[in-house]
Amino acid sequence: MRIETPDLLLREMTPEDFSALHGIFSDTETMQYYPAPFDEQKTRGWIEWNMDNYTRHGFGLWAVVYKQTGEVIGDCGITLQNIYGDGVLLPEIGYHLRKDFWHRGLALQAGQAVLRYIFRNTAFDEIYCYQKWSNAPSRRLAERLGLSLRAEYSDPKNTRTSVYSVTRSEFDAMHQ
């Protein structure tokens, strides 16, 4: 699987991406909305989980490569998540970007490409994004991607969780 945008290439992660991804996931500022930055074992597990997702589901979080330099600068893709805590797994778009690439529109570019790919290549009728309510950057990106706030709920892990989504018909209407 390969998705290209003007500036980015999205491809399946491999174990060779460990150093680049660990540089992102071990960064305190980048991971400020997570319980803690990732240690090496957690980063390796993240890569393995996504590789398993590719095999099991045909999608996962993909490595984001900056085409100008060939560097892996993040991840973006779809995973199945228990968003409401009710055991129902829903497709969720997720993204992480190396902080020296923030504020360049690259996360938006990657997210738009992932949504196009998923709505063209899967039967999902709705894609979700959820985050800790205080994660304003992720909330803004979800909104810029065309997702709307659908719910907020109390959550012992996040204090409060915000849930955004976009339906296939909403996405199609935005991209005609």
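Student: Which element gives the most to the lining of the largest pocket?
Tutor: Strand β5 does, with six residues. Keep in mind that this is a predicted model.

Student: What volume does the largest pocket have?
Tutor: About 1,300 Å³. Of the 50 residues lining that pocket, Tyr34, Tyr95, His96, Asn135 and Ser138 are the closest to its centre.

Student: Which elements give two or more residues to the lining?
Tutor: Three are helices: α2 (40-57), α3 (106-121) and α4 (136-144). The strands are β3 (61-66), β4 (71-81), β5 (90-97), β6 (126-132) and β7 (148-155).

Student: And how does the lining split by class?
Tutor: It has 26 nonpolar, 14 polar and 10 charged residues.

Student: Let's zoom out. How many helices and strands are there?
Tutor: Five helices and eight strands. Along the sequence the pattern reads β-β-α-α-β-β-β-α-β-α-β-β-α.

Student: Why does the radius of gyration agree with a compact globule?
Tutor: Because a compact globule of 176 residues would come out near 16 Å, and the protein has 15 Å. The C-alpha trace spans about 40 × 35 × 35 Å along its principal axes.

Student: How much of the protein is buried?
Tutor: Buried residues are 46% of the 176. The protein exposes about 9,000 Å², and carbon and sulfur atoms supply 48% of that area.

Student: What share of the contacts is between residues 24 or more positions apart?
Tutor: They account for 56% of the contacts with a separation of 6 or more.

Student: Give me a single residue to look at. Where is Leu8?
Tutor: Leu8 sits in strand β2, residues 8-11.

Student: Buried or exposed, and why?
Tutor: Leu8 counts as buried because its relative accessibility is 0%.

Student: What is Leu8 in contact with, beyond its sequence neighbours?
Tutor: Leaving out neighbours within four places, Leu8 contacts Ile3, Val64, Val65, Tyr66, Lys67, Ile73, Leu106, Gln109 and Ala110. Take Val64: 56 residues separate it from Leu8 in sequence, yet their C-alpha atoms are 6.5 Å apart.

Student: Now Tyr54. Which helix is that in?
Tutor: Tyr54 is in helix α2. Its relative accessibility is 9%, so Tyr54 counts as buried.

Student: What does Tyr54 touch?
Tutor: Setting aside residues up to four places away, Tyr54 touches Arg11, Glu12, Met13, Phe59, Gly60, Leu61 and Trp62.

Student: What are the contacts of His22?
Tutor: Phe38, Asp39, Glu40 and Thr43, leaving aside neighbours within four places in sequence.

Student: And His103, buried or exposed?
Tutor: Exposed, with a relative accessible area of 80%. His103 is placed in the loop between β5 and α3.

Student: What about phi of His103?
Tutor: Phi is near 65° there, a positive value in a residue other than glycine.

Terms used:
Residues are numbered from 1 along each chain as its sequence is written. This is a predicted model: local features need pLDDT of at least 70, side-chain atom pairs count only at pLDDT 80 or more; totals for chains, interfaces and linings use all residues. Side-chain values use heavy atoms; hydrogens and water are left out. Helices (H or I, at least four residues) and strands (E, at least two) are DSSP runs, numbered from the N terminus. Buried means under 20% relative accessible area, exposed over 50%, partly exposed in between (1.4 Å probe, protein chains only). Contact means heavy atoms within 4.5 Å. On a 1 Å grid over the protein atoms alone, a cavity is a set of points where a 1.4 Å probe fits but cannot get out, and a pocket is an open set with protein on both sides within 12 Å along at least five of seven lines; lining residues have an atom within 4 Å of a point. Grid points are joined across faces, edges and corners, and a volume is the space filled by probe spheres set on the points. Ala, Val, Leu, Ile, Met, Phe, Trp, Tyr, Cys and Pro count as nonpolar, Asp, Glu, Lys and Arg as charged, and the others, Gly among them, as polar. The radius of gyration is taken over C-alpha atoms; the globule rule is 2.2 Å times the number of residues to the power 0.38. Accessible areas come from the Shrake-Rupley method with a 1.4 Å probe; for residues, only the protein chains shown count as cover.
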